[in-house]
Every structure is written in C-alpha cells, then in structure tokens.
Amino acid sequence: MTSRSLLRLALAGAVTSGAILLATLPADASKAPPRTVPVRLLALNDFHGHLEPPTGSSGRMVDEHGQTINAGGAAYVATHMKALADQNTIAVAQGDLIGATPLISAAYHDEPSIEFMDKLGLKVAAVGNHEFDEGYAELRRIMDGGCHPVDGCSPVGEWKGAQFDYVGANVLFKNPSEKTDALATLTALGAKQPEVKQLLADWGVPALPPVSVKWMNGVPIGFIGLVTQTTPSIVTTEGIKDLKFVDEVKAANVASKLLKLVGVKAQVVLVHEGDQVTVGQSPDACSAIPGAGNRIATQVDAEVDLVLSGHSHQAYLCKVKDPAGNDRVYSQGGSFGRVITQVDMNVNVRTRDIVRTSVVADNHVVTRTVAPDPEISAFVQTWKNRVAPVANKPVGMITTDLAIVAAPSGETPLGDLIADAQLAATKTGGNAQIALMNPGGVREPLTYATSPANEGDGVVTYGEAFATQPFNNLMQVVTLTGAQLKTVLEQQFTGGPNKQAFTKILQPSANFTYTYSRSAAWGSKVSDMKIDEVSVTDTQTIRVAANSFLVGGGDAFLAFQDGTDLWSGPLDIDAFVDYLGANKPTAPPATNRITVID
C-alpha cells in the first residue's frame with residue numbers, strides 16, 4: 001500500500017501537504033481578536049434503504065407536540081433537508097444507511113440508497129453493523145466503485161462508488177501488514193515519531209478511514225466514525241473474518257489524539273451505538289435510558305465536542321457531561337428517514353475549537369405534509385419501476401395477518417411460520433430434523449390487506465415476502481448433540497457467559513417443543529425438549545437448520561459454532577417463498593411450541 005493511500009486511510013478528506021501548516025497557528029494569532037464562524041450539521045441515522053415512505057409503525061413518529069404522525073420517505077427527507085440547509089451546512093450520518101433494506105434497494109445491493117445519499121449532499125457517515133451484511137469486500141465496493149462480482153452491474157451501469165466518506169475508527173485488521181507504512185504516513189502528517197509509535201501501539205491498523213475532516217467557513221471539523229463493538233455477533237462471520245471491532249471509547253480517544261496532532265480541535269463523534277428510551281416522548285426530549293450509547297457519550301475524550309448516535313432506532317436529544325465535566329450534546333434521530341437532527345454551533349477561528357455554549361440541537365420530524373422533492377420522487381419511481389416485475393410477482397396467499405407481536409412465550413406467528421418454511425427447505429439434502437429462526441431477522445409483518453391493488457385478497461407478493469427477512473442468508477444445517485442444543489436454547493437468556501444483551505427467543509419449527517423457566521438460574525432454564533413428541537437426550541445427535549447468521553454464532557448464539565457436518569442450501573428468502581407457494585392459503589400457526597413456567 002502506498003504512502004498516499006495510507007494518507008487517505010489515516011485522514012480521509014482531511015489534509016495532505018497542508019497538514020503541518022494546519023498544526024501550527026500564525027505567529028500573531030494570539031493578538032487577533034477572538035471571533036467565531038457558524039457551522040450547521042444535519043444528521044441522519046439508520047436509513048436502511050427506505051427510499052419509499054415506510055409503512056405501519058415503521059412510518060410513524062411522535063412529534064414535538066406529542067402527536068403520532070406519518071413520517072419518512074426519501075422525497076420528503078430531501079424536501080426537509082433543503083429547507084434546513086444553509087451555506088454553513090455539513091450533512092452527516094451515523095450508520096446503517098444500507099443493509100436490511102426493502103427490495104427496491106436490496107435488489108441492486110443498495111446502490112440506489114447510496115446514490116440517494118449522494119444526491120442529499122452527504123459528506124461523512126460512520127459505518128453501521130448493517131454496512132457489513134454482505135461483508136467487508138462488498139462494503140469496500142460500495143465505497144470505491146465497481147460492479148457486483150456475482151450479479152454484475154445495475155441497470156445504470158458500473159457503480160461509481162459513494163461520493164461521501166465512510167469512517168470507522170474501531171474497525172481494525174486482525175493481522176495487519178502495513179504498520180511500517182502507516183507509521184511513515186502518520187509521521188508525514190507532522191507528528192513526532194514517539195507520539196506516532198504510541199498512537200499505533202494504542203490503535204492498530206484501521207480497515208477503514210478512521211476520521212474525516214471537512215472545512216467550513218475557514219475552519220476544519222473532524223469527524224470520528226465508530227460502530228458498535230458487538231458487530232461480530234450480529235453480522236455473518238465469514239464476511240468480517242479478517243477484522244476486529246475494538247472498544248468504541250478507546251478507538252475514539254486514539255482518533256481524537258490523531259486529529260489533535262494535526263491541529264483539528266473541533267471534533268464530532270458519529271457512532272453507530274445508542275440507547276433505548278422511555279416511549280412516547282418528544283424527539284427533542286432527553287428520554288434515553290443510559291446504556292451502551294451513554295457510556296460512549298460520557299467517556300470519550302473531552303476534546304470531542306458532541307456525540308451523534310444511531311443503532312437503537314430511537315429519537316432523543318440530551319446533554320451529558322464529558323470527562324472534564326463540561327456539557328456536550330448526545331443525540332439520535334430515530335430511523336428510516338423519519339427524523340433529521342440539526343446541530344448549530346460556532347467555531348472560534350483563532351483556537352479552531354467549537355464553542356460548547358453555542359451548541360444548539362433540534363430533532364426535526366420528517367413530515368409528509370410538505371411537497372415531496374420532485375427530483376427524488378422521480379429517482380425513487382425509476383428504481384421502483386425497475387424492480388416492479390420482481391416485487392409485484394404473487395408468491396402466495398394468507399388467510400389473515402401474520403404478526404410479529406410476540407406471545408408470552410416469545411414466539412410470533414410469522415417467526416414460527418418462517419421456521420416451518422426453513423425446515424421444509426432443508427429436510428432434503430440437509431436431513432434437517434428441526435429449524436430455529438432468530439427473531440431479529442423477521443423485520444416486517446405480512447398483512448392481509450397490503451395495498452390498493454390487492455386490498456383484502458390476501459395475496460403475498462415477492463416484495464412483501466422479502467420485506468419480512470431481507471438479509472439473503474443461506475440456509476444451513478449442522479449436527480448438534482442434545483446437550484449442545486440445550487446450550488443454544490440457554491443462550492436465549494441473559495446471565496450466560498456470552499453476555500446476551502436481552503432475551504432473544506428463537507422461533508422453533510412446529511415439530512420441536514420445550515419448556516423454559518423464568519425464575520431458574522441460567523443453564524437450568526430449559527427442559528422437556530421434544531422432537532415429534534419424543535424426548536431429546538443429551539447424547540443423541542440432531543440435524544438443526546438455521547440461517548447462516550445463526551450458524552456463524554450471530555446474536556450471541558455461540559453454541560451453534562460447535563455444530564458439525566455443515567450443509568448449505570437455498571437462500572432463506574427462497575425457502576420462505578417456496579413454502580408460501582406450496583401452502584396456499586397459509587394460516588397463522590398457533591404460538592404454542594414453547595411452554596413457559598415461573
């Protein structure tokens with residue numbers, strides 16, 4: 001790797017030959033009267049390719065007046081962005097712009113969503129965990145350009161690459177070979193050799209640009225990108241096998257030092273990690289319940305002036321204390337393009353630092369009462385037309401809604417149905433005996449009345465089926481012993497060595513039943529496992545079907561990795577579509593496969 005390439009890696013969008021000059025103030029700077037210049041940030045997070053207005057609860061938002069209103073959609077985002085932007089604006093994002101996307105974007109490997117972000121004028125985005133859904137190599141293609149290695153070019157030709165900077169300071173190579181060149185590059189930025197050596201010792205070699213610097217009104221603003229360190233447990237292992245995701249605070253602090261070494265003191269963290277909220281609050285309320293996001297927001301170096309977050313799909317606007325005891329903004333803007341976070345601030349021209357007392361933030365709900373942007377409306381319609389032959393193809397019928405609201409056991413009708421479909425798809429070839437589906441992979445319900453075109457007829461289109469599980473995971477089968485299967489089920493609950501963040505009940509196929517106890521200690525919660533009404537013993541072997549995400553240990557189900565005799569079959573969406581086609585009409589299954597005791 002050349003020194004020039006590593007320069008872009010170490011300080012994407014920042015400075016080259018001017019770096020040393022940036023680090024040194026003019027001799028008479030202290031005599032100049034302090035003055036400030038305005039900077040505005042407009043931020044989005046967790047867009048997830050929702051070019052069309054999201055539907056159902058995903059398309060509603062509580063506004064500043066406590067009213068629940070319809071929100072989101074690319075054309076409305078564009079209208080609001082244009083209304084909020086001024087000549088001092090930098091547009092930024094906090095990850096998950098792509099991945100887990102509707103078919104209009106996913107069918108073309110999310111190139112339409114990235115093109116939309118370019119049209120918005122986005123300048124910098126942190127990577128989210130979903131940016132890694134198709135692996136590191138595919139993320140680099142999205143960033144740098146080129147046609148998809150399997151599916152080729154989209155209808156518009158060769159992909160040119162994102163026009164904004166993707167950054168991720170805590171995404172490192174496991175086995176780097178570029179350390180010597182990285183040392184030389186960082187030294188060329190004006191840092192003293194011992195400082196650089198310590199920097200690399202604290203950090204490692206980033207797999208992505210860790211920071212980006214954007215100039216506005218004559219001052220540099222440094223953006224540090226971070227993604228949740230839990231990413232390896234929530235994406236498919238194979239695609240990130242050469243990467244490690246280190247602690248967000250540690251990486252942010254090293255990145256902050258790098259920026260400071262080259263004279264960038266106005267610093268913003270864009271982090272794809274966040275907190276849950278007290279429901280029903282205004283998007284401008286500080287409703288966040290302190291958790292993983294708050295830890296980052298309060299612990300990153302005091303040099304960082306504000307923290308814009310994502311991942312939890314919530315909207316909140318808080319002021320927290322940094323390690324020096326000063327206030328700094330900590331916010332998030334919901335998801336699916338329903339909220340734009342506006343941050344206004346002044347930067348001192350002499351010190352090149354943000355004046356903390358000047359920082360004012362506001363979460364704007366992206367209402368649909370404004371006129372949709374005509375250019376983006378036409379853009380979305382073009383991609384909708386391109387994907388329509390596939391999206392509108394009928395693949396099955398349902399008798400009533402298939403919900404994703406969990407029963408007391410944790411099962412959902414749609415989750416159980418998907419497990420049944422996965423078992424049916426893996427019996428032949430994989431010799432599967434049971435199937436388990438992760439609840440987080442079931443993204444949208446199937447509703448009986450879905451659109452004016454087929455209202456009330458129960459028809460399920462491919463696009464609607466795809467929306468339920470848009471990850472394109474492979475179906476796989478592994479052999480587990482009865483004891484290992486019990487461990488998998490124990491890993492559904494908090495308290496175990498894998499540090500499950502919250503209870504995640506796997507959706508079982510109809511022929512597999514068991515009981516769990518709410519009060520029993522971890523390791524003793526699961527009992528009475530049966531397959532086709534026959535009790536499971538610890539020593540018997542069982543062929544268990546699951547998607548490749550789970551089989552790789554996703555969602556902290558590491559016991560799947562103990563499985564043997566791996567078999568891979570169809571894509572999960574194909575298994576579901578085939579099942580719907582073979583079982584018309586499809587009725588919701590009873591959620592009685594798991595028994596719960598106190």
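Q: What is the accessible surface of the chain, and what share of this surface belongs to carbon and sulfur atoms?
A: In this predicted model, the accessible surface of the chain comes to about 23500 Å². Carbon and sulfur atoms hold 53% of that surface.

Q: What share of the residues of the chain count as buried, and what makes a residue buried?
A: A residue is called buried when its relative accessible area is under 20%. Of the 598 residues, 56% count as buried.

Q: Which helices and strands does the chain hold, by number?
A: The chain has 17 helices and 27 strands.

Q: What makes E6 and E16 the edge strands of their sheet?
A: The sheet is open and has six strands, in the order E6-E5-E4-E1-E15-E16, with mixed pairing. Strand E6 (165-167) and strand E16 (360-365) each pair on one side only, and these are the edge strands. On average, neighbouring strands of this sheet are turned by 25° against each other, direction ignored.

Q: How do you know that E5 and E6 pair?
A: Two strands pair if at least two bridges are found between them. Strand E5 (residues 122-126) and E6 have three bridges, in the parallel sense, so the pair meets the definition. Within these strands, alanine 126 stands opposite valine 167 in E6.

Q: Which helices lie across strands of this sheet, and at what angles do they run?
A: Helix H3 (residues 74-84) lies across strand E1 (36-44), strand E4 (89-93), strand E15 (339-348) and E16, and runs at about 20° to E15. Helix H5 (residues 111-120) lies across E1, E5 and E6, running at about 130° to E5.

Q: Which residues of H6 are buried, and what do they pack against?
A: In helix H6 (residues 136-144), the buried residues are Tyr136, Glu138, Leu139, Arg141, Ile142 and Met143. The buried residues of H6 pack against H5, E6, strand E7 (171-173) and strand E10 (243-245). After H6 comes glycine 145, with a positive phi near 105°.

Q: Why are H13 and H17 called roughly perpendicular?
A: The axes of helix H13 (residues 413-430) and helix H17 (residues 572-582) cross at roughly 95° and come within 8 Å. Angles of 65 to 115 degrees count as roughly perpendicular, and H13 and H17 are therefore roughly perpendicular to each other.

Note on methods
Residues numbered from 1 in each chain as written. Predicted model: local features only at pLDDT ≥ 70, side-chain atom pairs only at ≥ 80, totals over all residues. Heavy atoms only, no water. Helix = DSSP H or I, 4+ residues; strand = E, 2+ residues; numbered from the N terminus. Buried < 20%, exposed > 50% of the residue type's maximum accessible area, 1.4 Å probe, protein only. Areas by Shrake-Rupley, 256 points an atom, 1.4 Å probe, with all protein chains shown as cover. Axes fitted to C-alpha atoms, helices over the stretch in contact; angles between N-to-C directions. Contact = heavy atoms within 4.5 Å. Parallel < 35°, antiparallel > 145°, perpendicular 65-115°, else oblique.
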